[in-house]
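Reader: I have a structure open and would like to go through it. Can you help me read it piece by piece?

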Amino acid sequence: GDGEAVARSSLQIGQVSWMQVRAEYHQAASDDAGSNDGAPQYADTLADAEVWLRKALDLAWKNYICNFIADAQIHLACLVCFKGDEDEAVELLTKHMEGFMQMGPRMCAGCMQLRGDDAPMLTCKRCRVARFV
């Protein structure tokens, strides 16, 4: 019932699956004796990664979790570009960048904390990393 936890889990499963796809792709490319009998070995993992990332994006929008939206969009954009759907990849990247433009120059992209006018550093005190856009 915790929308944020389900969104986080979906995003993490999608990210791990996407990393596994990339590893399997590079492994298949380096194997000289690989059989070329149809779908690549990573096809199922690729489909799983896409399902989880789309679910994470939907849940992030439903619960309006901005940093999950941004993470899901960028990973999904890379994945669909890898699949060859450049139009959807550009659309996802455009939405990703528009999200940062809407946050403005004083908001942390990690925790959504607003930076005060007197904060000279671009480091979020809550996240302890440079995430201000």
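Reader: At roughly what angle do the axes of α1 and α2 cross, and within how many Å do they come?
Author: They cross at roughly 155° and come within 8 Å. Axes are lines fitted to C-alpha atoms, for helices over the stretch in contact, and angles run from 0 to 180 degrees between N-to-C directions. Before going on: this is a predicted model, where local features need pLDDT of at least 70, side-chain atom pairs count only at pLDDT 80 or more, and totals for chains, interfaces and linings use all residues. Residues are numbered from 1 along each chain as its sequence is written, and side-chain values use heavy atoms, with hydrogens and water left out.

Reader: Back to α1 and α2, then. Are they roughly parallel or roughly antiparallel?
Author: The crossing of roughly 155° makes α1 roughly antiparallel to α2. Angles under 35 degrees count as roughly parallel, over 145 as roughly antiparallel, 65 to 115 as roughly perpendicular and the rest as oblique.

Reader: Which hand does the crossing of α1 and α2 have?
Author: α1 passes α2 in a left-handed crossing. A crossing is left-handed if the near helix is turned anticlockwise from the far one by less than a right angle, and right-handed if clockwise. The residues of that contact divide into 13 nonpolar, eight polar and three charged. Here Ala, Val, Leu, Ile, Met, Phe, Trp, Tyr, Cys and Pro count as nonpolar, Asp, Glu, Lys and Arg as charged, and the others, Gly among them, as polar.

Reader: Stepping back, how many helices and strands are in the protein?
Author: There are four helices and zero strands, and from the N terminus on the elements run α-α-α-α. Helices (H or I, at least four residues) and strands (E, at least two) are DSSP runs, numbered from the N terminus.

Reader: What about α1 and α3, at what angle do they pack?
Author: Helix α1, residues 3-30, and helix α3, residues 66-83, pack at about 30°, with axes 11 Å apart. They are therefore roughly parallel to each other. This crossing is left-handed.

Reader: Which residues meet there?
Author: On the α1 side they include L11, W18 and Y25, and on the α3 side they include F68, H75 and F82. Contact means heavy atoms within 4.5 Å. The residues of this contact divide into ten nonpolar, two polar and three charged.

Reader: And how do α2 and α3 cross?
Author: Their axes come within 9 Å and cross at roughly 150°, and the two helices are therefore roughly antiparallel. The crossing is left-handed. Among the residues that meet are L53, R54 and L57 in α2, and L76, L79 and V80 in α3. That contact divides into 14 nonpolar, two polar and three charged residues.

Reader: You listed R54. Which residues does R54 touch?
Author: Not counting residues up to four places away in sequence, R54 touches L76, V80 and E88. R54 is partly exposed, with a relative accessible area of 28%. The cut-offs are under 20% relative accessible area for buried, over 50% for exposed and in between for partly exposed (1.4 Å probe, protein chains only).

Reader: How much of the protein is buried?
Author: Of its 133 residues, 29% count as buried.

Reader: New topic. How many aromatic pairs does the structure hold?
Author: Five. Rings of Phe, Tyr and Trp (its six-membered ring) pair if their centres lie within 6.5 Å; planes under 30 degrees apart count as stacked, over 60 as edge-to-face and the rest as tilted. One of the pairs is Y25 with Y42, which is edge-to-face at 5.7 Å centre to centre and 75° between the planes. Y25 is in helix α1 and Y42 is in the loop between α1 and α2, 17 residues apart.

Reader: Is Y42 buried or exposed?
Author: Y42 counts as buried at 12% relative accessibility, and Y25 is partly exposed at 36%. The rings of Y25 and F82 have centres 5.2 Å apart and planes at 85°, so that pair is edge-to-face. F82 lies in helix α3, 57 residues from Y25.

Reader: Which residues form the aromatic cluster?
Author: W18, Y25, Y42 and F82 form one cluster.

Reader: Last one: what is phi of Y64 near?
Author: Phi of Y64 is near 45°, a positive value in a residue other than glycine. Y64 is in the loop between α2 and α3 and is exposed, with a relative accessible area of 55%.
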